[in-house]
Amino acid sequence: MSREHFHESQIEDRITELMEKGMSDEDAIQQAESEYDGQVNLVEDKALKIHERAYMINKADIQRKLKQGCYPSEIVLSKVVDHLQANYNSSSQIRSTKFFCRDLLTEINDWTLEVANAE
């Protein structure tokens, strides 16, 4: 049975019931449709509340997972940057190593700015 047929069947049954109680055709049709629409609205409201509750649970879970994943990666990035800066500033490193460290630090800085701007 299709959804539309089910809808019509529900309303027709209710119209028949109301007419048997002495209600006019027009009043029975109006009341049956109104009752059906009210039931549909209740179901939609319940579904929306369930969706919102699931979204909030999901959102909290996603935020928790992001925090767990981001903070360790920020620590690692910080250590990599510190290591690169130390090698760049070291007098014992050759020029090509210093250039490599400088270029990589510049790239990391650009990427960090890009990610910050995207957020």
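A salt bridge is taken here as a side-chain nitrogen of Lys or Arg within 4 Å of a carboxyl oxygen of Asp or Glu. In the predicted model, the count under this rule is 3 salt bridges.

One of these joins the side chains of Arg14 and Glu17, with an N to O distance of 2.5 Å. Both residues belong to helix H1, which spans residues 3-20. They are separated by 3 residues, about one turn of the helix. Glu17 has a relative accessible area of 36% and is therefore partly exposed, since this class lies between the limits of 20% and 50%.

Arg14 also takes part in a salt bridge with Glu35, where the N to O distance is 2.5 Å. This pair links distant parts of the chain, as Glu35 lies in helix H2 (residues 25-89) and Arg14 in helix H1, 21 residues apart. The relative accessibility of Glu35 is 27%, so Glu35 counts as partly exposed. Through these contacts, Arg14, Glu17 and Glu35 form a network of salt bridges.

A further salt bridge is found between the side chains of Asp103 and Arg102, at an N to O distance of 3.4 Å. This value falls within the 4 Å cut-off, so the pair qualifies as a salt bridge. Asp103 is partly exposed, its relative accessible area being 42%. Arg102, with a relative accessible area of 35%, is likewise partly exposed.

Conventions
Residues numbered from 1 in each chain as written. Predicted model: local features only at pLDDT ≥ 70, side-chain atom pairs only at ≥ 80, totals over all residues. Heavy atoms only, no water. Helix = DSSP H or I, 4+ residues; strand = E, 2+ residues; numbered from the N terminus. Buried < 20%, exposed > 50% of the residue type's maximum accessible area, 1.4 Å probe, protein only.
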